[in-house]
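Here are some notes for a colleague who has not looked at this structure before. They are set out as numbered points.

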Amino acid sequence: MRIAVLGAGSLGTIVGAYLSAGGMEVELIDTFEAHVDALNQTGAKVIGTHEFQAKVKAITPDNKSGKYDLVLLLTKQLFNNSVLSELLPFLDEDSVVCSLQNGIPENNVASIVGKERVIAGSVEFGATFIEPGVSSLTTEYTQFKKYAFQIGELNGETTDRIKQIKAVLDLVGGTHISDNLVGTKWSKLLINNAFSGLSAALNGEYGDILDNEYGITSAVHIADETIKVGHAIGVTFAKMNGFDIASLEVTNEQDVPARVQTFRTVMEPSRLLKASMLQDLEKKRKTEIDFINGVVPEMAEGTSISTPFNDMVVKLVKSAEDSQTVPDFKTNIKNFEELINKHKM
């Protein structure tokens, strides 16, 4: 099997290292030439909760050749149209593209490469890019080896090809086949919408949202909008670590205090996290906001569901992108305070 890791950043470097060490024929593809050079010269180095180094083959996108049997898609969704269109000549009829991106990219990926080629995937471990050729594994190693990926066919079937891809990804870390991977990705989208989106829109860590009454209440409404839209299009939200994500839906205003308390309990271990979208704003880069909070209003079109809280997150993040500035918490929280007060009227 010939494999491409398309987007060999923090996660892709680790994936490529373990697949290569496992004897797979794999190419790490990335636009960062210094990183590609370092990978070829000294190998992929993993540090953090586990230290490991493997010889790998890395190329820039314009050096792709032949046909790939499996493509692990780890680029940002911002670049899907160009990245996937350029990939098409390197796919066979039976090639598989496994979407391991944030958000819900599967429909977009399928529209370019063909639905029959797509399986859904979810990365369950964390990593940080350190320098060219070096990535830090931030998930505890034994947990990583038990639970690194979830993968699944879009229709939920357990096919021969999904079993084969599981065997490949098991070389990296524990890989689990799901019959509701779309539901898993929507559950993760909900958390990203509620906390990563607000982290970027307000300029704060997750703890800043948890500690601010308007911030945490906004997170509840963002989650509620996401659940209502998901249900409207037929999504069954998957449990996360045994927690029923769909139970966060708000049926009336009296539910809000209980949902606030649930979020404060569930998200407390993540209070030091800062959204990657906020880090993008700090670096004056475009974010994936259209593919995170922006998914909810897009999917709500044609329904009667309004999405003012997700809309506000998108508006504030795009404003920061356009002005190449970082949001001010005290200024932007007032927008959510106004929304909450309107919602109570």
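**Notes on the predicted model**

1. The loop between helix H13 (308-323) and helix H14 (329-344) contains glutamine 324. This is a predicted model, and in it glutamine 324 has a positive phi of about 50° although it is not a glycine.

2. Lysine 284 has a phi near 60°, which is a positive value in a residue other than glycine. The loop that holds lysine 284 runs between helix H11 (276-282) and helix H12 (295-300).

3. Next, a pair of helices. Helix H9 (residues 213-232) and helix H10 (residues 256-267) have axes that come within 9 Å and cross at roughly 100°. H9 is therefore roughly perpendicular to H10. The contact of H9 with H10 is made up, by class, of seven nonpolar, two polar and three charged residues. On the H9 side the residues are Glu213, Ile216, Thr217, Ala219, Val220, His221 and Ala223. On the H10 side they are Val256, Arg259, Val260, Phe263 and Arg264.

4. Now the strands. Which order do the strands take in the open sheet of four? The order is E4-E3-E10-E9, and the pairing is mixed. Strand E4 (52-54) and strand E9 (127-131) are the edge strands, each pairing on one side only. From one strand to the next, the twist averages 25°.

5. Within this sheet, strand E3 (residues 44-48) and strand E10 (residues 134-137) run parallel and are joined by four bridges. Lysine 45 stands opposite valine 134 in E10.

6. Is valine 46 buried or exposed? Valine 46, which lies in strand E3, has 0% relative accessibility and so counts as buried, the limit being under 20%. Not counting residues up to four places away in sequence, valine 46 touches Ile14, Ala17, Tyr18, Glu51, Phe52, Ser135 and Leu137. One of these contacts, Ser135, can be followed along the chain: valine 46 and serine 135 are 89 residues apart in sequence, while their C-alpha atoms are separated by 5.2 Å.

7. Strand E1 (residues 2-6) is mostly covered, with five of its five residues buried. Arg2, Ala4 and Leu6 are buried on one side of E1, and Ile3 and Val5 are buried on the other, so both faces are covered. E1 pairs with strand E2 (residues 25-29) in the parallel sense, over five bridges. Leucine 6 has isoleucine 29 as its bridge partner in E2.

8. The last point concerns a serine. Serine 95 lies in strand E7 (residues 91-99) and counts as buried because its relative accessibility is 1%. What does the side chain of serine 95 reach at 2.6 Å? It reaches the backbone nitrogen of aspartate 92. A polar atom of the serine 95 side chain also lies 2.6 Å from the backbone oxygen of tyrosine 68. With residues up to four places away in sequence left out, serine 95 touches Tyr68, Asp69 and Arg117.

Conventions. Residues numbered from 1 in each chain as written. Predicted model: local features only at pLDDT ≥ 70, side-chain atom pairs only at ≥ 80, totals over all residues. Heavy atoms only, no water. Pairing = 2+ DSSP bridges. Helix = DSSP H or I, 4+ residues; strand = E, 2+ residues; numbered from the N terminus. Axes fitted to C-alpha atoms, helices over the stretch in contact; angles between N-to-C directions. Buried < 20%, exposed > 50% of the residue type's maximum accessible area, 1.4 Å probe, protein only. Contact = heavy atoms within 4.5 Å. Polar contact = N/O pair within 3.5 Å; in protein donor to acceptor, adjacent residues only side chain to side chain. Parallel < 35°, antiparallel > 145°, perpendicular 65-115°, else oblique. Nonpolar A, V, L, I, M, F, W, Y, C, P; charged D, E, K, R; others polar.
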